[in-house]
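Work through the exercises below with the sequence and the structure at hand. Each task is followed by a solution in steps.

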Amino acid sequence: MPARNTLLLERYQQVQERIRRAAERCRRDPAGVQLLAVTKKFPAEVVREAYALGMREFGENYVQEFELKHPLLPDVPEARFHLIGHLQSNKARKAAELFQTIQTIDSTKLAERLDGMGIKLEAMIEVKLSDEESKHGAAPEEIADIVQAVARSKNLRLRGLMTIPPWSDDPEAPRPYFRRLRELGERHGLAELSMGMSNDIETAIEEGSTMVRVGTALFGPRRKA
Ligand SMILES: *Cc1c(COP(=O)(O)O)cnc(C)c1O
């Protein structure tokens, strides 16, 4: 146990250092880049260890997985959980009950459905910028309608945009996608940009990320599904 905690602490410090250096290189305040610890496929114990080291924002991909984990986490009162995986509308109620932020709103219908649950939520719009079949997200030309749907809602507060570029081990490859997300954020007056993962934290921060979603660089490799 102590060994695992020490390793996590080292990785946490490395990630914080990467964020700090990248921000300083482009004259940004490192405090303007939030770290979202992505704990999908790791047990509740890992969330607790991360919390003990000071992490507070957590990302999970699967409503069903988190539904099992959440009851095992009564002792992390300041933790905030973000859904960063695709949300099917039939799971909207569960998601609203379990998460504080839904980062993957990709239609007006889903926004309305979440609003209808009567639970206050923070919202981000997931934007699809590549033409990969497997990816979810709203097309750039759909953003305006979703922004309006959230503005009309009683319970959702819009924070910004999120995107997942095509996977690549080249940290430069996602740069055009990050840049495009920033342009879309500016166009729609949205301040927050959730972009950047373990491999490309630096590129994302250079392009304006306000929230990097980091799994592997903190927790090591995930088990294959
Ligand atoms: C898994 C995942 C991450 C974290 O990826 P790493 O490469 O492990 O840092 C970030 N965002 C989303 C949407 C993910 O599914």
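**Exercise 1.** List the residues that Glu 57 touches, leaving out those up to four places away in sequence, and decide whether Glu 57 is buried or exposed in this predicted model.

Solution. 
- Step 1. Glu 57 touches Gln 34, Leu 35, Leu 36 and Ala 37, and also Arg 80 and His 82.
- Step 2. The relative accessibility of Glu 57 is 12%. The cut-off for buried is under 20%, so Glu 57 counts as buried.
- Step 3. Look at the side chain: a polar contact of 2.7 Å links Glu 57 with the side chain of His 82.

**Exercise 2.** Find where Val 127 sits and which residues it touches, again leaving out those up to four places away in sequence.

Solution. 
- Step 1. Val 127 is in the loop that runs between β5 (121–126) and α6 (143–152).
- Step 2. Its relative accessible area is 1%, so Val 127 is buried.
- Step 3. The residues touched by Val 127 are Gly 137, Ala 138, Pro 140, Ile 143, Leu 161, Met 162, Thr 163, Leu 181 and Leu 184.
- Step 4. For a distance check, take Gly 189, which is 62 residues from Val 127 along the chain; the two C-alpha atoms are 15 Å apart.

**Exercise 3.** Which residues touch the most other members of the largest nonpolar core?

Solution. 
- Step 1. The largest nonpolar core has 62 residues, and within it Leu 114 and Leu 218 touch the most other members.
- Step 2. Helix α1 (residues 2–25) contributes the most to this core, namely six residues.
- Step 3. Apart from this core there is another, of six residues, including Leu 36, Val 38, Ile 84 and Met 124.
- Step 4. Now list the contacts of Leu 218 beyond four places in sequence: Leu 8, Arg 11, Tyr 12, Val 15, Leu 35, Ala 37 and Met 55.

**Exercise 4.** Which residues are around the ligand, and how much of the ligand does the protein bury?

Solution. 
- Step 1. Around the ligand are Val 38, Lys 40, Asn 61, Ile 84, Ile 164, Met 197, Ser 198, Arg 213, Val 214, Gly 215, Thr 216 and Arg 222.
- Step 2. Check the side chains: an N or O atom of Lys 40 is 2.7 Å from a ligand oxygen atom, and for Thr 216 the distance is 2.5 Å.
- Step 3. Check the backbone: a polar atom of Gly 215 is 2.8 Å from an oxygen atom of the ligand.
- Step 4. The ligand taken alone exposes 390 Å², and the protein buries 90% of that.

Definitions and conventions: Residues are numbered from 1 along each chain as its sequence is written. This is a predicted model: local features need pLDDT of at least 70, side-chain atom pairs count only at pLDDT 80 or more; totals for chains, interfaces and linings use all residues. Side-chain values use heavy atoms; hydrogens and water are left out. A nonpolar core is a set of buried Ala, Val, Leu, Ile, Met, Phe, Trp, Tyr and Cys residues joined through side-chain atoms within 4.5 Å. Buried means under 20% relative accessible area, exposed over 50%, partly exposed in between (1.4 Å probe, protein chains only). Helices (H or I, at least four residues) and strands (E, at least two) are DSSP runs, numbered from the N terminus. Contact means heavy atoms within 4.5 Å. A residue is near a molecule or strand if one of its heavy atoms lies within 4 Å of it. A polar contact is a pair of N or O atoms within 3.5 Å; within protein, one must be able to donate a hydrogen and the other to accept it, and residues adjacent in sequence count only if both atoms are side-chain atoms. Accessible areas come from the Shrake-Rupley method with a 1.4 Å probe; for residues, only the protein chains shown count as cover.
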